[in-house]
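Please open the model in your viewer and keep the sequence panel beside it. The stops below say what to select and what is found there.

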Amino acid sequence: MDKNTLIGFLLIGIVLFAFSWLNKPTPEQLEAQRQYQDSIAKIELARQAEMQREESKSTADNSFDNLPDSARTARLESSFGVFAAAMTGADDVTVLENDLIELHISNKGGRISYARLKDYTTYDNKPVVLFEGKEASLDFTLVTATNRVLNTAELFFTPVKTQDPNQLVMRVNAGEGSSLDFIYTIKPDDYMVQFDIKGTGLNGVLAPSTTALDMVWRQKIRQQEQGIKYENRYTALYYKFLADGVEQLSESKSEDKKVSGRLKWIAYKDKFFSTVMIADEGFESATFDSKMIEADGIVKEFKTTTAVPFDLRGNEATTFRYFFGPNSYPLLKSYDKGIASDQQLDLERLVPLGASVFRWVNQYFVIPMFDFLGKYIKSYGLIILLMTIIVKLILFPLTYKSYMSSAKMRVLRPQVEELNAKYPGQDKAVERQRATMELYSRAGASPMAGCIPMLLQMPVLIALFMFFPSAIELRHQSFLWAHDLSTYDAIFSWNKYIPIITPYFGNHISLFCLLMTITNVIYTKYNMEMTNTGQQQMPGMKAMMYMMPLMFLVFFNQYASGLTYYYFISTLITIIQTLVFRYTINEDKLLAKLEANKKKPQKKSGFMKRLEEAQRMQQEQLKKQQDQKKKR
């Protein structure tokens, strides 16, 4: 081995060492990786515990039923130790309620097995019950000191009376001086319920390494509104990170997801109602599962597998809060009143108001206006009408500017047609376009001037599109023929399933949606005539313009009648505004003004200079291509 080879190997070694040293993880990265691995391990442990729990339950169900009492007791003590007495009992319920909600607490599992909202009814006038019986479950895994794996869903709790009539303690005895308590506390006139888990004397009962309890929470979401497919669009599993924002699973498909960060709350949200579980100390990493159902009165099924801190010594309780209530923006926002910004729950994010600027428009413009009008007007149909008029008045300057832009283009139409005749055919398309733009520039007209005002109106239109279907205030509010402004106003329905039509259009025809479509077709026809500048259009563009309103009929037929009513009124007002502009603006004077502009010295904007330069280069390129074709 010669000298150069040795030097080469030495240099390679130095490079490898430097590369390894520069790319080694920082202590922060190592800690983040450790936390991630711990989170994955906890999720896997929770899954294994759930499998063991199912096996244990199967064993308990099949092994003890036919045994004599003495043999049964002995077998239970052998299998479940100090928890043997809690494996048998009566599956009764205890009622806990206030003026807003009614809850049933089951002895089996010590869980809430029934939740009803007293002030609300379903679309068919039945009580709004969020869940009942086996439609929901909440299970905590217990690992005993002898490595037995139990679950609270298998145990029978005993109700314990307290001096507070608004509090219920569900207790599992685990031997002399040892117990596990589920404590429920309800407040008057509040949708929030406190839920504490507290152990007493469990040091020698549960595994000494116990610092957290694995938790599995399931719930089927009942259909509460008319039109299960439409309701499904607003039903999803939401969750908030402990020090971050709110996220959600897909509303349109089944989905499962692993989350490694700590969570503040988890919500099973329907269109207008939610069940939210809030952990004061936060949830550990979680696995979420959302399944599409849409059958037998069930919209979706949600499942969460996670873990929560637990003090084995019993010095501190594991504290939760349950929210069983409506997705009312003012109500959800009120839970953050007087709370520091970094500690706020942000439950109002359960109301889908759009993202970024659209949500901002709803929060600071639409909702305050809606609430203000609601204080003085009882009819929500009139409130929507007034909101439409107010929005139109605010947007009037933009609407007027857009109309004036189209009017300028329209009065210049004869001159544009002369240019089309002067530069006919595709070969002279670039020259024709440049001459047209030069005409607009000299006259002080711009094709873009009408588009920009329309774009500026879009945030308000989209914000209202998000607001009306989510406003619980419209629920069961009638107006004219619409019995409920939060759902479709069917004037004709049928039960037979029709392929393609039923899945997308539904088995009904909504009158407000039909009126909205008709006014859009009229406006489209009138607007196309008003904005015809004489320039050549793409083939099929006219048919495409008429297809859009017809697509709206399909898309909006299952949407809230409050939304289609707003769009109908808005389009109708726009048509009236256009007619007023058409017959009050003197187009002869406007043309004279444009002709006067032509005589003024023109100072080209940077945009026009760049546009003309691009057209010049395009024309040169086209000429080169034509010359090459002639040579061939």
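Begin by selecting Arg321 and Asp280, which form a salt bridge whose closest N and O atoms are 3.7 Å apart (a salt bridge is a side-chain nitrogen of Lys or Arg within 4 Å of a carboxyl oxygen of Asp or Glu). Arg321 lies in strand S19 (residues 318-326) and Asp280 in strand S16 (residues 273-283), so the pair ties together parts that are 41 residues apart in sequence; helices (H or I, at least four residues) and strands (E, at least two) are DSSP runs, numbered from the N terminus. Both partners are partly exposed, Arg321 at 27% relative accessibility and Asp280 at 33%, where buried means under 20% relative accessible area, exposed over 50%, and partly exposed in between (1.4 Å probe, protein chains only).

Before moving on, note that this is a predicted model, in which local features need pLDDT of at least 70 and side-chain atom pairs count only at pLDDT 80 or more, while totals for chains, interfaces and linings use all residues. Residues are numbered from 1 along each chain as its sequence is written, and side-chain values use heavy atoms, with hydrogens and water left out.

Next, select Arg116 and Glu102, whose side chains meet in a salt bridge of 2.8 Å, N to O. Arg116 belongs to strand S3 and Glu102 to strand S2 (residues 101-106), so this pair ties together parts that are 14 residues apart in sequence. Glu102 counts as buried, at 14% relative accessibility.

Now move to helix H7 (residues 380-394), whose 15 residues reach 21 Å from the first C-alpha to the last. Among its buried residues are Tyr380, Ile384, Met387 and Val391.

Finally, colour the chain by pLDDT, the predictor's confidence in each residue, from 0 to 100. The chain averages 82, and 77% of the residues score at least 70. Over residues 58-62 pLDDT stays under 50, and the model has two contacts for them beyond four places in sequence, a contact meaning heavy atoms within 4.5 Å. Where pLDDT is low, the predicted coordinates should not be read in detail.

Technical notes. Expected span 1.5 Å × (residues − 1).
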